[in-house]
Amino acid sequence: MTTTTENLSRSEAAERSAHLDVRGYRVELDLSGATDPGRPTFTSTTTVRLASTTPSTFLDFVGPAVRSVVVNGRALDPDACYDGARISVDRLVDDNEVIIVAEAAYSRTGEGLHRFVDPVDGQTYLYTQYEPADSRRVFAVLEQPDLKAAFTFVVTAPSGWQVLSNQPAVAVEDRGDGTATTEFAPTPPLSSYLTAVVAGPYHRVDGHWSGPLPDGGTLEVPLGVLCRASLAEHLDAENLLTVTAQGLDFFHEHFAYPYPWGKYDQVLVPEYNLGAMENPGCVTFTESYVFRSAATRAQHAGRANTILHEMAHMWFGDLVTPRWWDDLWLKESFADYMGAHASVAATEYTDAWVAFANRRKAWAYTQDQLPTTHPIVADITDLEAAKQNFDGITYAKGAAVLKQLVAYVGTDAFFAGARSYFREHAFATTALPDLLRALEASSGRDLGEWARLWLQTSGTPELTAELQADGDRIASLRVRQDATDPLTGRTVLRPHRLAVGLYDLRDRRDDETVELVRTHRLELDVTGAVTDVSEAAGLPVPALVLVNDDDLTYGKVRLDPRSLATATEHLGALSDPLARSLVWSALWNATRDALLPAEHFVELVLRHGATEDDSAVLVGLVTDARTAVERYAPPEQREDLRARLAGGSWARLHEAEPGSDAQLVWARSLARAAATTPAVAPRLRGLLQGTEPVAGLPMDPELRWALWQSLAAVGAASLEDLDGELERDRTADGATQHLAAVSSFPDADVKATSWETLLTPRSLSNDHVDATISGFTQPWHRELTAPYTEPYFEALRQIWARHSIEIAGRLVRGLYPSHQDVEPGLDPADHPVAARASTWLADNADAPAGLRRLVLEGHDHLLRSLRAQAAARP
């Protein structure tokens with residue numbers, strides 16, 4: 001249960017760091033009983049050396065019990081000094097040694113030390129995940145990023161296991177009882193949330209990288225890629241090691257600060273809550289990056305992007321760390337930007353900015369339009385707020401704004417500033433002014449106003465082209481900027497370095513079709529509400545004007561009527577993939593903003609999606625199309641649109657080149673669309689049973705389970721069918737997918753069981769929570785889930801109190817009753833579910849801020865969908 005003292009405040013952290021200097025930790029973990037499912041805890045012993053200018057302070061620990069506390073040789077009563085989250089210590093002097101022995105709990109939620117038992121071979125796997133403040137679930141610690149220290153880890157585990165931490169092992173002692181104790185070298189100064197321990201019978205592939213040092217020597221870095229033994233046959237370690245080496249080449253050269261963490265292990269772990277985590281020397285990744293089913297080029301590119309994102313953190317975040325979570329962007333925005341930048345500069349995935357423009361920024365635009373939006377440099381008052389701010393603003397908007405900064409100051413100046421920043425602040429912590437000073441010195445620009453407007457205000461600018469024609473020539477072309485900070489209501493006109501592209505239709509040489517090509521690119525600075533594009537005067541009137549061509553800045557682009565008409569007819573003929581991605585983004589934003597009917601967007605996807613050759617964009621399009629049908633289309637159109645999307649996916653599947661990415665994407669689109677279209681069920685069975693095969697389509701586990709879940713959702717599959725598929729796929733993922741499918745049955749008793757299980761603490765692992773939610777919330781089951789609206793709102797505070805913050809967040813977000821239909825003549829705000837959410841928010845002003853934020857966001861998403869439905873009605 002969450003306690004009040006578990007939520008460390010920024011002021012408390014500042015008070016503690018003002019008085020303490022942490023000299024080092026020795027952390028001993030006894031994991032020898034990890035394979036025994038009857039042992040829920042392990043012994044954790046922390047010895048911390050610290051200097052203090054105050055006689056008393058506290059250490060953080062969240063676990064079942066503290067057995068002993070010894071301060072400078074004096075024993076304290078654990079029952080008196082431990083409240084479930086904090087261990088109070090007193091009579092401190094200039095130099096202190098504190099020894100704490102505790103019982104810590106193995107986790108099933110991906111927080112702290114997660115324990116997983118592989119159903120394939122019964123083997124046990126452990127790994128840690130701490131960000132922002134879960135190292136305290138494993139050992140007693142001063143849990144705040146600015147109290148950096150050296151950590152020495154000593155881990156006892158079953159013999160024969162791979163045991164890893166941030167640094168190489170310096171000693172391994174076989175204890176003769178089936179266990180071994182591994183001691184690791186002390187880390188350089190490090191924030192506690194970046195420490196890591198991984199243990200288990202992991203499969204390992206070794207590699208090596210070397211690079212020149214400034215003194216003429218050579219830096220040698222051992223590499224490792226690890227995964228569960230049962231996944232070894234699917235691990236394409238060579239590809240991961242290639243991208244790793246390419247990334248180290250790039251960052252070693254451009255950051256000009258040698259990789260500082262010795263070794264570089266990358267571990268793909270089960271039931272992971274994140275894409276990856278930048279633990280220096282021991283990076284952890286979701287094992288969904290082990291592709292046991294067919295994977296598109298976009299999936300490989302996405303994995304490469306994540307590898308490079310985490311590698312950038314070795315400098316941005318690990319070497320130089322934000323002092324407090326207000327400046328989380330100092331690491332996440334930079335890593336998000338560097339993931340795409342390094343992909344383009346150093347790997348085969350030279351089109352990484354295309355996916356960024358269409359998918360990553362869609363996340364930013366969505367988050368930035370919520371009532372809970374915040375500046376990139378946020379006001380983070382406590383750890384609960386920090387947990388909530390790992391969002392699309394901190395990551396994707398921050399990265400997009402950094403791309404604008406690079407265009408503003410120049411690439412060379414940007415990297416020169418980064419190099420200076422690393423040299424000055426290595427192994428220390430920083431805040432916004434530290435980085436700005438380095439970039440100002442390298443670029444010669446005053447960035448104070450730029451930072452104020454871009455980093456310290458909220459909201460999404462809108463950029464619109466306004467063209468006046470004189471016959472077939474441009475009389476004037478202007479870019480209008482509309483931007484309001486929703487938190488203050490004030491107009492915020494930001495500086496943009498951007499390009500305007502003029503596109504026209506040309507006959508193709510090899511056939512009778514046309515191609516939409518760029519005829520002119522006009523680069524300019526937009527600084528006010530209206531900016532003239534003076535170079536455009538006298539040029540031929542184009543078929544399409546694309547503001548923010550090349551995606552240099554951050555802002556929603558609105559297409560003028562002529563450009564919208566051109567996109568409607570000829571979007572598939574737009575040859576440049578980045579420009580095409582940007583037009584799709586503009587169309588989707590217009591759909592979400594109730595300016596383009598959902599029906600129109602779905603038709604555009606079915607009409608032009610067949611020519612989309614970037615699989616990342618195509619995946620986004622079919623996902624958006626389904627969202628448009630289920631959320632933004634009026635109820636009287638929905639059944640027809642469902643059938644059109646399912647039928648269109650079936651047709652495109654058969655038209656696509658056998659074995660192509662497009663074929664696989666359309667097959668997955670069909671599987672998801674079929675969950676609301678019972679008429680398609682016989683075709684799905686034909687695919688599964690091989691009676692209606694599609695040449696070149698791999699009927700692998702991922703696709704098969706997607707098809708079975710849809711069949712289950714429309715009542716066209718039995719439990720025996722699903723059990724039979726599980727026999728084919730006796731893996732951890734197979735068990736998770738089986739649960740998702742079983743939870744998808746359109747049956748009131750299944751809904752009741754799922755609801756009860758989800759609300760029972762510790763009944764499901766994190767992955768199984770997601771699987772059950774996905775089945776429970778099938779959009780075709782609106783009548784079956786409607787009775788749970790009131791229980792949802794009644795249970796919210798209990799959910800937050802009884803579950804860990806990770807699981808509570810998934811439940812509150814995932815179970816929000818979002819599939820609702822607009823009611824004729826009723827204002828969306830007066831819809832019964834929207835009104836109930838408003839009432840809950842008004843009646844629970846004292847609820848935890850993280851909980852209120854999630855309910856407020858669910859409420860806003862619902863209002864947006866209802867407004868779009870209402871606007872699309874004749």
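1. Is H608 buried or exposed? H608 is buried, with a relative accessible area of 7%. Buried means under 20% relative accessible area, exposed means over 50%, and partly exposed is in between, with a 1.4 Å probe and protein chains only. H608 lies in helix α14 (residues 598-608). Helices (H or I, at least four residues) and strands (E, at least two) are DSSP runs, numbered from the N terminus. Leaving aside neighbours within four places in sequence, H608 is in contact (heavy atoms within 4.5 Å) with A567, T568, E569, H570, L571, G572 and W584.

2. A word on the source. This is a predicted model, in which local features need pLDDT of at least 70 and side-chain atom pairs count only at pLDDT 80 or more, while totals for chains, interfaces and linings use all residues. Residues are numbered from 1 along each chain as its sequence is written, and side-chain values use heavy atoms, with hydrogens and water left out.

3. Now the cores. A nonpolar core is a set of buried Ala, Val, Leu, Ile, Met, Phe, Trp, Tyr and Cys residues joined through side-chain atoms within 4.5 Å. The largest one has 153 residues. F251, W315, W329 and F422 have the most contacts inside it. Helix α8 (residues 393-409) gives this core its largest share, nine residues. Apart from it lies another core, of 89 residues, including V479, Y632, W666 and L670. In soluble globular proteins, nonpolar side chains tend to be buried together.

4. Look at W329 and L330. Not counting residues up to four places away in sequence, W329 touches F334, I376, V377, T394, L402, L432, L435 and L455. L330 is found in helix α5 (residues 329-346). L330 is buried, with a relative accessible area of 2%. L330 and R562 are 232 residues apart in sequence and 41 Å apart in space, C-alpha to C-alpha.

5. Next, helix α20 (residues 719-728). L722, E725 and L726 are its buried residues. They cover an arc of only 105° around the axis, so they sit on the same side of α20. The arc is that of the directions from the helix axis to the C-beta atoms. The face turned away from the buried side of α20 carries the exposed residues E720, E727 and R728. The cover over the buried residues of α20 includes α19 (701-713) and α21 (732-742).

6. Which residues of α21 and α23 make the contact between them? T736, L739 and A740 of α21 meet D767, H768, A771, T772, S774 and G775 of α23. The axes of α21 and helix α23 (residues 766-776) come within 7 Å and cross at roughly 30°. That makes α21 roughly parallel to α23. Axes are lines fitted to C-alpha atoms, for helices over the stretch in contact, and angles run from 0 to 180 degrees between N-to-C directions. Angles under 35 degrees count as roughly parallel, over 145 as roughly antiparallel, 65 to 115 as roughly perpendicular and the rest as oblique.

7. Another pair is α9 (residues 411-425) and α10 (residues 432-443). Their axes come within 8 Å and cross at roughly 135°. That makes α9 oblique to α10.

8. Finally, G825. It is found in the loop between α26 (805-814) and α27 (832-843). G825 is exposed, with a relative accessible area of 90%. The C-alpha atoms of G825 and A870 are separated by 9.2 Å, though these residues are 45 apart along the chain.
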